[in-house]
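Subject: Structure handover

Hi,

Here is the structure I promised to pass on. My notes follow below it.

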Amino acid sequence: MNFHALPRLLPALLATVLGLGLHAQAPTALSIQDVSHFYDQPYLLDFNFALRDQNDKALILDPSQITVVCREDGTPISASETGFRLLAAANKQLKCFLVLDYTLSMADPAANGDSDGDGLSDALETMEAAAKTLIGTLNPDAQVGLYEFHREDAAHPPQKVSDLTVDKAALTNHIDRIWTDYVQWFPAATRVWDAVYAAIQEYPTSRVVDEQRVVVFLSDGRDESSTRRPNDVISAAQDRGVKVYPIGFGDELTPAPLQNIAGSTGGRYYPALTIPQLAERFQQLTDDLRGNYVLRWATLKRTGSFTPSFSLTYQGLTATHSGQRYYPGSYAGDVLQGRLVFDAALDEGEATVGLRAYYIPRFITRLRFQYASDKPLTVQRVPLAEGGIVPDTWLFEHNATEHWIELRSPNPQNIFTALPYATQGRLLRFVLTGVADLTTCFSNFSVDNTLYTAGGQTFVILNTALVGRLGQTITFAPLADRLLSMSPFTVSATASSGLPVTFRIVSGPATLSGTSVTLTGTGRVTIRAEQAGNDTYSAAAVEQSFEVIDRLPHGTPLDWLARYGLTSDLIQAELLDPDGDGSPMWHEYRAGTNPTNAASVLALSLPDWQAGGWQIAFPSQNYRKYRIDTSEDLSTWTPWQTEVPGDGQLLSYVDPITGPQRFYRVVQTQINEPPPGMVWIPPGTFLMGSPASEPARWSDEGPQTVVTLSRGFWLGKYEVTQREYLAVMGNNPSYFTGDLDRPVEQVSWHDAVAYCEKLTQQERAAGRLPEGYEYRLPTEAQWEYACRAGTTTATAFGNSLSSTQANFDGNYPYNGGAVGPYLGRTTKVGSYLPNAWGLYDMHGNVWEWCADWYSDSYPGGAVTDPRGPISGSIRVNRGGGWYYFGRDCRSAVRDRGHPSVTSHRLGFRAALVPVP
């Protein structure tokens with residue numbers, strides 16, 4: 001007997017809870033919460049937010065009831081020339097996956113009751129009924145998908161029950177079948193993190209700005225069986241712009257991971273301590289999803305920058321919000337080009353396709369579309385109440401014979417009847433039957449831009465390939481035939497549709513993260529470029545292949561080339577001759593000369609008579625050995641000095657000859673390989689600290705001091721990774737796990753020193769450590785000298801910094817830098833461009849321990865090889881990190897901590913230095 005199909009007699013309290021009115025009394029307080037902003041072309045500012053009352057309840061209002069004032073640097077915008085649009089969140093496409101819990105802790109009637117005696121717990125039935133209610137109250141165009149989890153064994157992982165669809169009846173049927181078709185009366189332990197992670201992965205990594213991406217799940221927060229962890233869930237959600245809303249329920253409720261996931265992704269956590277509260281929390285979540293708003297305006301400014309802010313007033317209550325700095329030049333675009341996008345969902349052979357406006361130019365009084373399809377279809381205008389933007393007074397015409405659709409004002413010649421400038425929202429809804437593949441919905445779909453010849457407006461549809469095979473093409477930026485196994489490099493391609501392009505490795509020794517390719521070995525690699533979006537698009541994919549080699553043909557080290565600004569086309573770079581002296585780069589490297597200075601040569605100085613003989617001198621380089629030969633006839637040469645080690649200085653030897661004339665020559669006999677993963681830092685002099693005029697400067701960054709480092713050293717190209725730390729120390733203390741190429745963190749100063757000592761022992765025992773060298777933490781002076789890499793600006797990249805250049809909170813760039821992403825976590829080392837000396841992540845990612853004790857000032861004047869105070873209680877760390885602002889990532893900024901402190905914001909970088 002199919003017990004699950006029997007009618008449900010839910011507790012009367014459930015129906016009462018779900019039927020409660022939203023606002024029984026007027027609010028006494030108003031707040032703007034859960035704000036996210038999107039800045040885009042052309043000159044657009046979008047803010048998504050919730051309005052809440054004194055009880056933190058969502059206010060679901062008609063936007064026309066709210067008075068809005070938008071400001072730029074405190075000055076209200078021109079309402080007559082640009083204006084704003086406050087819209088319900090329904091104007092953005094909502095996509096939501098529900099992840100439902102069918103584990104034993106939910107399904108056991110003994111723990112959760114069985115009011116109707118059907119063998120299923122009240123908690124499980126309440127969850128299903130509340131999920132159906134949530135689905136039913138969402139906008140008709142909201143797309144909802146389903147996942148379930150019920151067992152811990154590998155043979156029964158979490159399963160997708162339904163793709164995203166707008167078919168609410170089908171979703172209800174899917175929910176009714178989960179117990180019989182998926183659980184099959186076998187509830188067991190939880191794999192909630194795996195289930196939520198899988199649901200998040202349904203969204204593409206490419207962002208669609210006017211889309212709301214949501215995952216809702218129910219759990220008690222305890223999960224000992226998943227292969228994924230909460231940090232994996234957070235990272236995936238942040239990468240895809242997904243807000244996660246956990247509902248916490250169960251006798252063993254563990255709220256911490258649920259709260260962390262919600263807070264880290266912009267969602268909300270809803271604790272439910274009883275079954276009636278479970279229903280209430282679903283209702284509260286429904287209200288929160290419906291109680292969101294979108295505020296947009298198109299600025300008239302084209303240069304400079306400003307801080308946007310806005311205030312909202314409802315029933316005499318006012319709330320305000322101030323956004324991040326806006327730089328119009330960063331979002332320049334054609335204000336006359338309108339942009340439209342498709343949304344589509346498929347369920348059991350029926351496709352629902354929405355066409356919505358992302359941006360409407362000025363004075364659009366008509367919209368006309370041509371289409372072709374071999375599928376039966378119906379089309380309707382989307383009502384205003386469902387997020388439509390076309391007034392009810394406009395005419396809607398569909399000619400099914402000639403395949404065109406028109407929306408137009410009753411008086412198209414009157415520009416003041418046009419759609420609101422810069423608005424966004426839904427236009428049309430198509431329903432097509434007999435569809436097995438979304439890309440077969442239309443064979444043609446286009447906008448008739450001949451309507452706008454007078455004003456010059458045009459429209460483009462950004463993703464026609466989502467619903468039709470319409471001949472899009474992808475152009476792959478060419479790659480070299482051979483590439484060196486250095487890591488990483490970036491691939492690029494463009495689609496004729498204007499959509500983003502994603503990449504994947506078809507074959508070969510390489511891994512891919514977004515557009516960043518890491519080569520992991522030698523051989524042939526093939527990379528495929530495909531059109532990105534909400535579904536699999538039909539543009540023909542393009543592939544490129546290349547050969548990976550493990551070293552340059554003439555053996556020139558990459559770090560040496562990078563020191564002279566050569567970081568790309570490295571195979572060709574070996575053959576360049578920057579100083580025009582006839583010696584290519586690889587000759588200059590072998591000779592140890594400067595390839596940018598024609599006067600730099602490996603040559604003996606003219607012998608100089610000293611007391612006791614002739615003095616022979618020549619320049620040397622580290623990691624090289626030399627031989628000095630003598631001859632009396634320039635025909636026969638005899639070794640005089642052998643195995644002469646270079647040290648980067650001028651070497652001098654005296655030949656106590658008093659006999660016949662002699663000739664001398666110097667021969668380079670050996671070049672040792674530099675330590676892997678290390679960059680040579682030459683000796684030199686620099687100005688340590690920051691000038692008093694540097695913005696955001698702290699007092700302990702001075703007084704500026706002239707520092708001379710008399711000896712060169714090697715410094716890690718990257719921060720020490722979790723992989724490296726694990727290999728040496730046997731454990732990984734890091735908080736941000738899941739990728740061993742992220743920097744190790746949660747290490748104390750003592751841990752970092754212990755790592756360097758153990759690495760020294762291992763490398764010395766293996767015969768890989770250069771004589772007279774050991775691994776240590778860099779001194780503070782060594783660290784800043786290497787970070788600056790010859791610059792005197794606030795950062796190695798200039799006097800500003802954006803999070804596109806380093807990993808920090810991109811909402812707070814430094815000194816005019818562009819607003820950028822905030823990852824909220826560490827990232828793989830080497831994900832950003834290096835400084836001029838080839839060092840990565842000297843700004844941001846994690847703070848880095850240094851060897852020195854901390855002092856709150858520098859000595860001033862001029863010093864050589866400083867090592868900080870001889871004693872103290874706190875140690876220095878440098879460089880800023882993922883959690884901090886751009887100002888905290890400057891070259892001169894300093895922080896400190898007790899040597900025993902650990903933090904997921906704190907790591908280190910190893911130096912290979914001469915033994916004192």
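How many disulfides does the structure hold? The count is 0. Keep in mind that this is a predicted model.

**Cysteines**

Cys-756 is in no disulfide. Its nearest cysteine sulfur belongs to Cys-850 and is 11 Å away. A disulfide needs the two sulfur atoms within 2.5 Å. Cys-756 counts as buried, because its relative accessibility is 2% and the limit is under 20%. Cys-96 is buried as well, at 0% relative accessibility.

Strand β2 covers residues 44-52. How many of its 9 residues are buried? The answer is 9, so the strand is mostly covered. In a regular strand, side chains alternate between the two faces of the sheet. In β2, Leu-44, Asp-46, Asn-48, Ala-50 and Arg-52 point one way. Leu-45, Phe-47, Phe-49 and Leu-51 point the other way. Residues on both sides are buried.

β2 pairs with two strands described here:

- Strand β1 (residues 31-40) pairs with β2 in the antiparallel sense, over 8 bridges. His-37 has Phe-47 of β2 as its bridge partner.
- Strand β12 (residues 292-298) also runs antiparallel to β2, and 7 bridges join them. Here Phe-49 has Tyr-293 of β12 as its bridge partner.

The hairpin of β1 and β2 has 3 residues between the strands. Pro-42 lies in that loop. A cis peptide bond joins Gln-41 to Pro-42, with omega about -10 degrees. Tyr-43 takes a positive phi in this hairpin, near 65 degrees.

**Helix α5**

Helix α5 runs over residues 168-183 and has 16 residues. From first C-alpha to last it reaches 22 Å. That is close to the 22 Å expected at 1.5 Å a residue. Where is the kink in α5 centred? It is centred on Arg-177, with an angle of about 55 degrees. Please look at both values together when you inspect the helix.

The buried residues of α5 include Leu-171, Ile-175, Ile-178 and Trp-179. Lys-168 and His-174 are also buried. The cover over the buried residues includes strands β6 (93-101), β7 (143-149), β8 (159-165) and β15 (337-347). Helices α2 (104-107) and α4 (122-137) are part of that cover too.

Arg-191 is found in the loop between α5 and α6 (192-201). Is Arg-191 buried or exposed? It counts as buried, because its relative accessibility is 9% and the limit is under 20%. Leaving aside neighbours within four places in sequence, its contacts include Glu-152, Asp-153 and Asp-223. Other residues in contact with Arg-191 include Phe-149, Arg-151, His-156 and Ser-225.

**A three-strand sheet**

An open sheet of 3 strands has the order β33-β34-β37, with antiparallel pairing. Which are its edge strands? They are β33 (608-610) and β37 (650-655), and each pairs on one side only. The twist averages 35 degrees from one strand to the next. β33 and β34 (residues 613-619) are joined by 3 bridges. Within that pairing, Asp-608 has Gln-615 of β34 as its bridge partner.

**Backbone points to check**

- Gly-702 and Pro-703 are joined by a cis peptide bond, with omega about -5 degrees. Pro-703 lies in the loop between β40 (684-688) and β41 (705-709).
- Gln-315 is not a glycine, yet its phi is positive, about 50 degrees. It sits in the loop between β13 (308-314) and β14 (317-322). Gln-315 counts as exposed, because its relative accessibility is 51% and the limit is over 50%.
- Asp-841 also has a positive phi, near 60 degrees. Its place is the loop between α15 (780-788) and β44 (847-853). Asp-841 is buried, with a relative accessible area of 5%.

**Asn-877**

Asn-877 lies in strand β46 (residues 875-878). It is buried, with a relative accessible area of 2%. Not counting residues up to four places away in sequence, Asn-877 touches Trp-847, Glu-848, Trp-849 and Cys-850, among others. Its contacts also include Arg-894, Asp-895, Arg-896, Gly-897 and Leu-906.

Best wishes

Key
Residues numbered from 1 in each chain as written. Predicted model: local features only at pLDDT ≥ 70, side-chain atom pairs only at ≥ 80, totals over all residues. Heavy atoms only, no water. Helix = DSSP H or I, 4+ residues; strand = E, 2+ residues; numbered from the N terminus. Buried < 20%, exposed > 50% of the residue type's maximum accessible area, 1.4 Å probe, protein only. Contact = heavy atoms within 4.5 Å. Pairing = 2+ DSSP bridges. Axes fitted to C-alpha atoms, helices over the stretch in contact; angles between N-to-C directions. Expected span 1.5 Å × (residues − 1). Bend = angle between axes of the 7 residues up to and from the residue.
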